[in-house]
Amino acid sequence: NSAPSLQKNNRKKVIIFSLVAFLILIACFSFFWFSGFFEKPNKTTGNEASSFGLASASTQLTEELPKDKNLPDIHVTAGLVKELGASDSLFLYRPRARWPIASISKLMAAVVAKDQFDVSTILTVTQDAVDTEGTSGNLKVGEKYSIADLIKLMLTVSSNDATMLIAQHYDESKLGKENYEKALSKTALFTGLMQQKARELGLNETYFGEPTGLSMINQSVVGDLAVMASYIQSTYPELFVITTNAKNTVLERKRMARRTETNINPFAGQKGFLGGKTGFTDEAGQGLLSLFEINGKKYLTIVLGTEDRAGETIKLRDWIKNEVLKK
């Protein structure tokens, strides 16, 4: 008789445990429900920032910008206009809205490359690098390029292969070939340096999960990007100079063959353009960081999460000419 009694007691215990677990689950659900955890974020207006981090571009683009300061009718997720060296921004929209920055990430990758390497160093293109998503740069396994030329390809045609080649070379040089081959990530150390540099510069709302910007994990806010741009302009201005050229020539060192690549930046080659970087992924939409010289002053414009990065930037540039410089 002890066996049936034991089974009965066990069933009671299971039932009691299940009831307790159910009540705990109900309590947790109620807490999160009434705290607003499951509510959809409200649209923000004016210069308010979304407290929900990443939002959909389609939602953000339906919102209207403030109509003061005679601003043009622009459609961006976040934006900034600032005179370089000034403490305050002339225009700042959603300053706390973190957004994927796509290939704008390559500016920080270029900074780390300049920090860590002699740019005359020659690298051999690997299969790992070529296997990276995207074909910009037209790199082929076995070709040889200087890091300086790889940086050109990074910043002007946004070559993911060139970026990965530099990052992977750094990791292999630090880990050794055997440990590098075993590593789950072939760019973890290089990406760590990108994140470390961001912290050194005070970019506390910026995160880099990989070097190219392909991942939506790479996110920032416009204020942080402005600090990064100012740092590059003062420390490595040659990086922005590269991006001003409509065409750039690189030398493949194995065959000693030169080839010319056309810059994908819509302002490259234009008078007054001091440099910048494009960015695009499906998750991020279009982004563009640009430097312009207008009436002898240097201005930075940033647009993130837009469907027309060139058009929106032109509107902001014209606003500087027609409104800011009138005062």
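Let me begin with Asp 149, which touches Thr 249, Val 250 and Leu 251 when residues up to four places away in sequence are not counted; contact here means heavy atoms within 4.5 Å. The model is a predicted one, in which local features need pLDDT of at least 70 and side-chain atom pairs count only at pLDDT 80 or more, while totals for chains, interfaces and linings use all residues. Residues are numbered from 1 along each chain as its sequence is written, and side-chain values use heavy atoms, with hydrogens and water left out.

Asp 149 sits in helix H5, residues 147–156. Helices (H or I, at least four residues) and strands (E, at least two) are DSSP runs, numbered from the N terminus. Is Asp 149 buried or exposed? Asp 149 counts as buried because its relative accessibility is 7%; buried means under 20% relative accessible area, exposed over 50%, and partly exposed in between, with a 1.4 Å probe and protein chains only. Its C-alpha atom is separated by 8.3 Å from that of Val 119, 30 residues apart along the chain.

The largest nonpolar core has 55 residues, and Ile 151, Ile 166 and Ile 302 have the most contacts inside it. Such a core is a set of buried Ala, Val, Leu, Ile, Met, Phe, Trp, Tyr and Cys residues joined through side-chain atoms within 4.5 Å. Apart from this core lies another, of 17 residues, including Ile 74 and Val 303.

Next, the sheet. Five strands form an open, antiparallel sheet in the order E2-E1-E11-E10-E9; two strands pair if DSSP finds at least two bridges between them. Strand E2 (91–93) and strand E9 (273–281) stand at the edges with a single partner strand each, so one side of each has no neighbour in the sheet. Strand E1, residues 78–83, pairs with E2 in the antiparallel sense over 3 bridges, and Leu 80 has Leu 92 of E2 as its bridge partner. Helix H10, residues 237–244, packs on the sheet and touches E9 and strand E10 (285–294).

Finally, helix H11, residues 309–322. Its 14 residues should span 20 Å at 1.5 Å a residue, and the end C-alpha atoms are 20 Å apart, which agrees; the expected span is 1.5 Å times one less than the number of residues. Which elements do the buried residues of H11 pack against? They pack against E1, E2, E9, E10 and strand E11 (297–306). Among the buried residues of H11 are Leu 316, Trp 319 and Ile 320.

Key. Axes are lines fitted to C-alpha atoms, for helices over the stretch in contact, and angles run from 0 to 180 degrees between N-to-C directions.
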